[in-house]
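Subject: Structure handover

Hello,

Here is the structure I promised to pass on. Please look through it first; my notes follow below.

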Amino acid sequence: MDEKLVAACQMFLVPATILFGALGVATTEALKSLLCLIGAVVSAAWLYRLYRWPGLSDADYYTAFALAYIFFAAAIVASVVHFRLWHKEWKDRGLTGFVETLR
């Protein structure tokens with residue numbers, strides 16, 4: 001693989017991995033939802049950077065995109081799941097219930 005591409009992938013892979021690790025120790029659904037959303041944004045930035053990368057060989061292209069899409073898909077699925085779980089905590093209590101779940 002191209003050394004610049006490896007460095008670029010590491011630049012996004014490290015924060016994405018840390019976010020998924022933080023998700024494992026998060027205690028509230030609100031925090032888990034936020035971490036998943038941030039992970040989706042980081043993965044989307046990674047995908048955007050790969051789309052704009054000029055002159056990638058086919059092997060580098062497919063490898064880098066597979067890695068980025070795996071993290072992006074995992075972050076989106078986890079975001080939906082944790083937001084739905086969080087929503088169950090406050091859906092019948094209105095704004096007051098929403099604010100209480102953030103504590």
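Tyr51, Tyr61, Tyr62, Phe65 and Tyr69 are linked by ring pairs into a cluster. Rings of Phe, Tyr and Trp (its six-membered ring) pair if their centres lie within 6.5 Å; planes under 30 degrees apart count as stacked, over 60 as edge-to-face and the rest as tilted.

Before going on, a note on the source: this is a predicted model, in which local features need pLDDT of at least 70 and side-chain atom pairs count only at pLDDT 80 or more, while totals for chains, interfaces and linings use all residues. Residues are numbered from 1 along each chain as its sequence is written, and side-chain values use heavy atoms, with hydrogens and water left out.

Aromatic pairs

There are nine aromatic pairs in the structure. One of them is the stacked pair of phenylalanine 12 and tryptophan 46, at 6.3 Å centre to centre and 10° between the planes. Phenylalanine 12 is in helix 1 and tryptophan 46 in helix 2, so this pair ties together parts that are 34 residues apart in sequence. Helices (H or I, at least four residues) are DSSP runs, numbered from the N terminus. Phenylalanine 12 counts as buried because its relative accessibility is 14%. Tryptophan 46 also counts as buried, at 1% relative accessibility. Buried means under 20% relative accessible area, exposed over 50%, and partly exposed in between (1.4 Å probe, protein chains only).

Tryptophan 46 also pairs with phenylalanine 71, and this pair is tilted, at 6.1 Å centre to centre and 45° between the planes. Since tryptophan 46 lies in helix 2 and phenylalanine 71 in helix 3, the pair ties together parts that are 25 residues apart in sequence. Phenylalanine 71 is buried, as is tryptophan 46.

The core

In soluble globular proteins, nonpolar side chains tend to be buried together. A nonpolar core is a set of buried Ala, Val, Leu, Ile, Met, Phe, Trp, Tyr and Cys residues joined through side-chain atoms within 4.5 Å. The largest one here has 18 residues, of which Leu5, Cys9, Trp46 and Leu50 touch the most other members. At least two residues of this core come from each of helix 1 (3-25), helix 2 (29-51) and helix 3 (58-90). Helix 1 gives the largest share, six residues.

Leucine 5 is in contact (heavy atoms within 4.5 Å) with Leu50, Trp53, Leu56, Asp60 and Ala64, leaving aside its neighbours within four places in sequence.

Serine 79

Serine 79 is in helix 3 and counts as buried, at 14% relative accessibility. Its side chain reaches the backbone oxygen of cysteine 36 at 3.2 Å. Not counting residues up to four places away in sequence, serine 79 touches Cys36 and Leu37.

Leucine 102 lies in the segment after helix 4 (94-101). At 48% relative accessibility, leucine 102 counts as partly exposed. Leucine 102 and threonine 28 are 74 residues apart in sequence, yet 8.1 Å apart in space, C-alpha to C-alpha. Leaving aside neighbours within four places in sequence, leucine 102 is in contact with Ala30 and Trp86.

Regards

Definitions and conventions
A polar contact is a pair of N or O atoms within 3.5 Å; within protein, one must be able to donate a hydrogen and the other to accept it, and residues adjacent in sequence count only if both atoms are side-chain atoms.
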